[in-house]
Amino acid sequence: MAGRERRLVAAGVRGRGLGDDYSVAGRVFARRILAHHAVVRLLVAPALQPHLIAAYAFLARTDDLADQGPLHECLPRWRAWAEQVASGLDSGRAQDPVLRAFLHTVSVRQLPHHWVHTYLKATDEELHFTGHATEADFQRYVDNLALPA
């Protein structure tokens with residue numbers, strides 16, 4: 001069994017379709033943050049690698065949808081993505097392979113859904129960001145966006 005398959009089996013990823021979803025997530029993550037991808041592959045236990053990679057890919061996809069282009073262009077894409085994520089958390093199903101891998105990770109690792117909802121809400125707020133007026137505002141940003149990520 002190849003290294004990729006061993007890591008997927010150790011992580012509880014069964015079935016070719018789901019394995020393909022994790023592969024897509026891995027490519028998204030590697031293209032976005034190659035150095036972090038290398039660190040995960042070198043330092044994280046094999047059984048956790050697919051889950052960490054799926055989470056990073058989800059964060060990268062979410063961030064890209066929220067940050068690419070002017071607000072009037074990215075806001076509709078962002079809102080559609082946020083709806084897909086919320087629906088996927090409720091149903092366990094999604095059309096996007098990165099989201100499917102992430103939803104599987106959320107389920108297998110029993111990640112609290114409120115973490116994801118908090119992150120999505122903070123990302124939505126960040127779309128309209130004009131600066132932190134107080135230290136408390138900055139701390140709320142850290143607590144609601146950076147820490148859940």
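Predicted model: local features only at pLDDT ≥ 70, side-chain atom pairs only at ≥ 80, totals over all residues.

Me: How do the axes of α4 and α7 cross, and what makes α4 roughly parallel to α7?

Reply: The axes of α4 and α7 cross at roughly 25 degrees and come within 11 Å. Angles under 35 degrees count as roughly parallel, so α4 is called roughly parallel to α7. As for handedness, α4 passes α7 in a right-handed crossing.

Me: Which residues meet where α4 and α7 pack?

Reply: From α4 there are Phe58, Leu59, Thr62, Asp63 and Ala66, and they meet Val116, Tyr119, Leu120 and Thr123 of α7.

Me: What makes one face of α7 the buried one?

Reply: Start with the residues under 20% relative accessible area, the cut-off for buried. In α7 these are Val116, Tyr119, Leu120, Ala122 and Thr123. Looking down the axis of α7, the buried residues fall within an arc of 165 degrees, so they line one face of the helix. On the face of α7 turned away from the buried side sit the exposed residues His114 and Lys121.

Me: What do the buried residues of α7 pack against?

Reply: They pack against four helices: α4 (49-67), α5 (71-91), α6 (97-108) and α8 (135-146).

Me: How do you know whether the span of α7 is close to the expected one?

Reply: Helix α7 covers residues 113-126, which is 14 residues. From its first C-alpha to its last it reaches 20 Å, and 20 Å is what is expected at 1.5 Å a residue. Helix α2 (16-32) can be checked likewise: with 17 residues it reaches 24 Å, close to the 24 Å expected.

Me: Why is α2 called oblique to α4?

Reply: The two helices pack at an angle of about 60 degrees, with their axes 8 Å apart. Roughly parallel needs an angle under 35 degrees and roughly perpendicular runs from 65 to 115, so α2 counts as oblique to α4. Here the crossing is left-handed.

Me: Which residues of α2 and α4 meet, and what covers the buried residues of α2?

Reply: Tyr22, Ala25, Gly26, Val28, Phe29 and Arg32 are the α2 side of the contact. Among the α4 residues they meet are Pro50, His51, Ile53, Ala54 and Tyr56. Buried residues of α2 include Leu18, Gly19, Asp21, Tyr22, Ala25 and Phe29, and what covers the buried residues includes α1 (3-10), α3 (34-43), α4 and α6.

Me: What makes α3 roughly antiparallel to α4?

Reply: Their axes cross at roughly 160 degrees and come within 10 Å. Angles over 145 degrees count as roughly antiparallel, so that is the label for α3 and α4. Their crossing is right-handed. In the contact, His36, His37, Val40 and Arg41 of α3 meet Gln49, Leu52, Ile53 and Tyr56 of α4.

Me: Is His37 buried or exposed, and how do you know?

Reply: His37 belongs to helix α3. Its relative accessibility is 14%, and buried means under 20%, so His37 counts as buried. Leaving aside residues up to four places away in sequence, His37 touches Gly26, Phe29, Ala30 and Ile53.

Me: And what are Pro97 and Glu73 called, and why?

Reply: Pro97, in helix α6, has a relative accessible area of 22%. Glu73, in helix α5, has 42%. Pro97 touches Asp21 and Val24, not counting residues up to four places away in sequence. Pro97 and Ala54 are 43 residues apart in sequence and 9.9 Å apart in space, C-alpha to C-alpha.

Notes: Residues numbered from 1 in each chain as written. Heavy atoms only, no water. Expected span 1.5 Å × (residues − 1). Buried < 20%, exposed > 50% of the residue type's maximum accessible area, 1.4 Å probe, protein only. Arc of directions from axis to C-beta. Contact = heavy atoms within 4.5 Å. Axes fitted to C-alpha atoms, helices over the stretch in contact; angles between N-to-C directions. Left-handed = near helix turned anticlockwise from the far one by under 90°.
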